[in-house]
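Here is a friendly briefing to read alongside the coordinates. It begins with the sheet and then moves on to the helices.

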Amino acid sequence: MFTIALVARKGGSGKTTIGVHLALAAFLRGLYTLVADADPQRSAIEALRARQSLGPERTGVASARLYDLQMSAVRQGTDVMVIDTPAGVAEECANAIVLADLCLLVVRPTYLDLAAAIESVAMIRRLKKPVLIVVNQAPPTRGGVEPPTVRRALRALAVLKQPVAPTIIRSRLVYQRALETGCSAEETGDLAATQEIAELWAYIHHIAFPRRVAG
Ligand SMILES: Nc1ncnc2c1ncn2[C@@H]1O[C@H](COP(=O)(O)OP(=O)(O)OP(=O)(O)O)[C@@H](O)[C@H]1O
Ligand SMILES: [Mg+2]
């Protein structure tokens, strides 16, 4: 089983949106997927509750119970476990980070997100876990060129010397709308968002299951 923890000290960067989209991406490709919502707000659970068709398994969990949940998920033959965590609370995130095979640090290309990312990376490094930074809610490219905010963010992130996902997730209303019905943007027919999520999932799938071909 491969465990992904969504982390970011900064609230609202898109942990839940990206986490639920990746869980749905895994599910839609035939993987037995569990969303463990360790955020007391239970936003991931809330989003998936609206889903009309079959979807990933989901459960709310106190961060202290994550280990037990992970063990039972392994026993049940789960392929992918996605842990959503709350912003800000370092101790609660630490449990998720310790159990993760990969920490996804979701950041917007803003000064405050980048400042908070430095602390998140330091914490993940202290816990000796691999991290992948995902840039989310980025403004669109113009004529194929990244806007200055994104270029500045990528330069700042390079200083952290940690991998950054090659797919940048743009700010798109479809990501919000899709989750209102517990769906992935991939299920809405929006081509640009579908491509972003499919590319990001393929990249993570390759890290998770290096010998398997992505679905
Ligand atoms: N790529 C995107 N495009 C447009 N809106 C987005 C995108 N990603 C996230 N959002 C929106 O930004 C807001 C915050 O997203 P989300 O709840 O996923 O962040 P979070 O990091 O989980 O927040 P919290 O720290 O409160 O748990 C939501 O309204 C969500 O719909
Ligand atoms: Mg959230």
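Two strands are taken to pair if DSSP finds at least two bridges between them. Strands (E, at least two residues) and helices (H or I, at least four) are DSSP runs, numbered from the N terminus. With that in hand, this predicted model shows an open sheet of 6 strands in the order β3-β2-β4-β1-β5-β6, with parallel pairing.

**Ground rules**
- The model is predicted, so local features need pLDDT of at least 70 and side-chain atom pairs count only at pLDDT 80 or more, while totals for chains, interfaces and linings use all residues.
- Residues are numbered from 1 along each chain as its sequence is written, chains are lettered from A and ligands numbered from 1 in the order in which they are written, and side-chain values use heavy atoms, leaving out hydrogens and water.

- At the edges lie β3 (57–60) and β6 (131–135), each of which pairs on one side only.
- From one strand to the next, the twist averages 20 degrees; angles run from 0 to 180 degrees between N-to-C directions, and axes are lines fitted to C-alpha atoms, for helices over the stretch in contact.
- Strand β2 (residues 33–37) pairs with β3 in the parallel sense over 4 bridges, and A36 has T59 in β3 as its bridge partner.

**Strand β4 and its neighbours**
- β2 also pairs with β4 in the parallel sense, over 5 bridges, and L34 stands opposite M81 of β4.
- β1 and β4 run parallel and are joined by 5 bridges; here L6 is opposite D84 in β4.
- Strand β4 (residues 80–84) is largely enclosed by the rest of the structure, because 5 of its 5 residues are buried (under 20% relative accessible area, with a 1.4 Å probe and protein chains only).
- Both faces of β4 are covered, with V80, V82 and D84 buried on one side and M81 and I83 buried on the other.

**The helices**
- Helix α5 (residues 111–126) lies across β1 (2–7), β5 (102–107) and β6, running at about 170 degrees to β5.
- Helix α3 (residues 66–75) packs against helix α4 (residues 90–99) at an angle of about 30 degrees, their axes 10 Å apart.
- The two helices, α3 and α4, are therefore roughly parallel to each other (angles under 35 degrees).
- L66, Y67 and Q70 of α3 make the contact with N95, A96 and L99 of α4 (heavy atoms within 4.5 Å).
- The residues of this α3–α4 contact comprise 4 nonpolar, 2 polar and no charged; Ala, Val, Leu, Ile, Met, Phe, Trp, Tyr, Cys and Pro count as nonpolar, Asp, Glu, Lys and Arg as charged, and the others, Gly among them, as polar.

Terms used
Parallel < 35°, antiparallel > 145°, perpendicular 65-115°, else oblique. Buried < 20%, exposed > 50% of the residue type's maximum accessible area, 1.4 Å probe, protein only.
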